[in-house]
Amino acid sequence: MVAIMTGKQRTGQMRAGRSVRQLVAASVGNAVEWYDWYAYTFLATYIAAAVFPKGTGNSLVPLLSTFAVFAVGFFMRPVGGLLMGAVADRHGRRAALTVTILLMGGSSLLVGLTPTYASAGLAAPVVLVAARLLQGLSVGGEFAASTTFLVESAGPGRRGLFSSFQYVSTTAGQLVASGIATLLVNTLAEPSMDGWGWRVPFWLGGAFSLVGFWIRRGAAETRSAAQRQAPRPGLFEALRRHPRQSLLIAGITAGGTIAYYTWTSYLPTYAELNAGVTKSDALLASTVSLAFFALLQPLGGLLSDRIGRRPLLLGFGVGFAVLCVPLLHALRDSFAVLLLVQCAGMVLLTGFTSVSAAVNAEVFPPRVRAAGIGFPYSLTVALFGGTAPYVGTLFKDLGHSGLFPWYVAALCLLSSLVYLRLPETAHRELER
């Protein structure tokens with residue numbers, strides 16, 4: 001009996017160790033991917049000054065151009081979600097994760113090497129657009145493959161917890177990008193920051209990607225033996241055979257993505273433009289609130305494994321629909337107020353971010369899970385999340401900045417209606 005118990009314990013320890021390795025492989029690589037992606041957002045004002053021509057009588061023209069490129073990168077994400085999702089479904093999750101991180105490393109270096117408008121003219125924004133397109137392709141594929149990989153790596157009753165590490169790692173990448181940007185802004189003189197300082201995070205991103213690639217090479221494949229032996233799915237099979245599930249993911253994601261990108265990416269710039277907050281205060285508040293946000297994710301994931309996904313999603317959707325406008329209107333030229341507004345939004349947002357990967361993976365069958373998640377999710381993010389900074393800045397430019405919070409609240413309300421009718425999947429066995 002003792003020998004049997006010891007054997008069982010040893011087996012349990014081996015499974016636990018394997019799960020931790022899987023979690024680290026997905027999380028570290030994902031953090032590197034999102035570090036590269038978000039470094040662009042935090043340094044948008046510097047990129048605008050270096051790469052785009054200055055507008056005539058309107059200082060917002062270069063910034064609008066920079067955010068337009070930000071949005072363009074998002075519109076490559078559905079392509080990446082479809083193509084890299086197909087790679088994950090046909091050749092394995094690990095193969096897709098390897099490709100995406102190498103793509104991201106190369107595109108990050110390209111952003112860091114982009115010439116200035118003064119030295120290269122129109123070639124400068126062309127190079128930046130090309131780099132951002134590659135980043136979009138990589139990130140779209142990353143979400144599809146890593147979401148599937150994380151949830152399939154989870155043990156029984158732990159899919160919500162593992163799902164939460166999608167945004168733990170995403171936020172870690174953001175946090176490092178925000179922290180490095182804050183450090184550079186606070187230590188370098190303005191001419192140095194404008195000249196070469198903004199490039200440093202992108203050069204570092206290329207190096208970080210090599211580390212992520214090395215870690216991911218040791219990950220175990222999560223696609224089952226039955227799926228590996230089955231005929232390979234077609235590129236558009238998920239859309240053709242599962243249209244309802246595709247629309248469901250779009251509805252789940254719309255409110256979550258606009259709230260997420262508003263609070264985690266655009267809010268520092270929004271506070272600068274609409275409340276007069278300084279760049280350094282805005283970046284510091286963003287860094288602190290992101291650390292708080294990362295700590296909340298596993299708690300949300302664990303809670304969803306107990307009570308289900310739908311209560312958390314409804315808490316997010318209804319909470320944001322009601323409180324988004326008051327929170328954004330409360331912003332003042334104050335670091336403390338900005339930090340309070342950001343942290344309040346992060347608590348609500350956790351209801352979506354901590355469970356979204358699990359919900360998405362639980363919607364589709366394993367044969368087309370990665371591609372099925374990747375395309376509708378990334379398309380919805382492109383339409384609503386990727387355009388959030390541009391829309392917010394455009395409202396400001398047109399003299400209607402007060403409309404942007406209502407736009408965010410309306411999308412969260414629409415997603416809440418989807419959450420009301422969403423079947424609970426937390427306690428169902430995941431099909432493999």
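This is a predicted model: local features need pLDDT of at least 70, side-chain atom pairs count only at pLDDT 80 or more; totals for chains, interfaces and linings use all residues.
## Asp-89 and its neighbours

Contact here means heavy atoms within 4.5 Å. Leaving aside residues up to four places away in sequence, Asp-89 touches Arg-223, Pro-233, Pro-366, Arg-367, Val-368, Arg-369, Ala-370 and Ala-371. The residue is found in helix α4, and its relative accessible area of 4% is under the 20% limit, so Asp-89 counts as buried.

## Salt bridges

Let's turn to charged pairs. Side chains of opposite charge can pair when their charged atoms come close. How many salt bridges does a search of the whole structure find? The search finds nine.

One of them joins Glu-142 and Arg-216, whose closest N and O atoms are 2.5 Å apart. This pair links distant parts of the chain, with Glu-142 in helix α7 (residues 123–153) and Arg-216 in helix α10 (residues 200–216), 74 residues apart.

Glu-237 belongs to helix α12 (residues 237–241) and Arg-367 to the loop between α17 (356–363) and α18 (369–385), so the pair ties together parts that are 130 residues apart in sequence. Here Glu-237 is buried, with a relative accessible area of 6%, whereas Arg-367 is partly exposed at 24%.

Arg-309 and Asp-305 also meet through their side chains in a salt bridge, 3.0 Å from N to O. Arg-309 is buried at 1% relative accessibility, and Asp-305 counts as buried at 10%. Asp-89 comes back into view as well: salt bridges that share partners join Asp-89, Arg-93, Glu-152 and Arg-369 into one network.

## Nonpolar cores

The largest nonpolar core has 91 residues, and Tyr-261, Trp-263 and Phe-320 touch the most other members. Helix α13 (residues 243–275) gives this core its largest share, 13 residues. Beyond its near sequence neighbours (up to four places away), Tyr-261 touches residues including Trp-34, Trp-37, Phe-74 and Val-381. A second, separate core of 13 residues includes Ala-88, Leu-150, Phe-162 and Ala-219.

Finally, the surface. Phe-75 lies in the loop between α3 (60–74) and α4 (77–91) and is partly exposed, at 38% relative accessible area.

Note on methods
Residues are numbered from 1 along each chain as its sequence is written. Side-chain values use heavy atoms; hydrogens and water are left out. Helices (H or I, at least four residues) and strands (E, at least two) are DSSP runs, numbered from the N terminus. Buried means under 20% relative accessible area, exposed over 50%, partly exposed in between (1.4 Å probe, protein chains only). A nonpolar core is a set of buried Ala, Val, Leu, Ile, Met, Phe, Trp, Tyr and Cys residues joined through side-chain atoms within 4.5 Å. A salt bridge is a side-chain nitrogen of Lys or Arg within 4 Å of a carboxyl oxygen of Asp or Glu.
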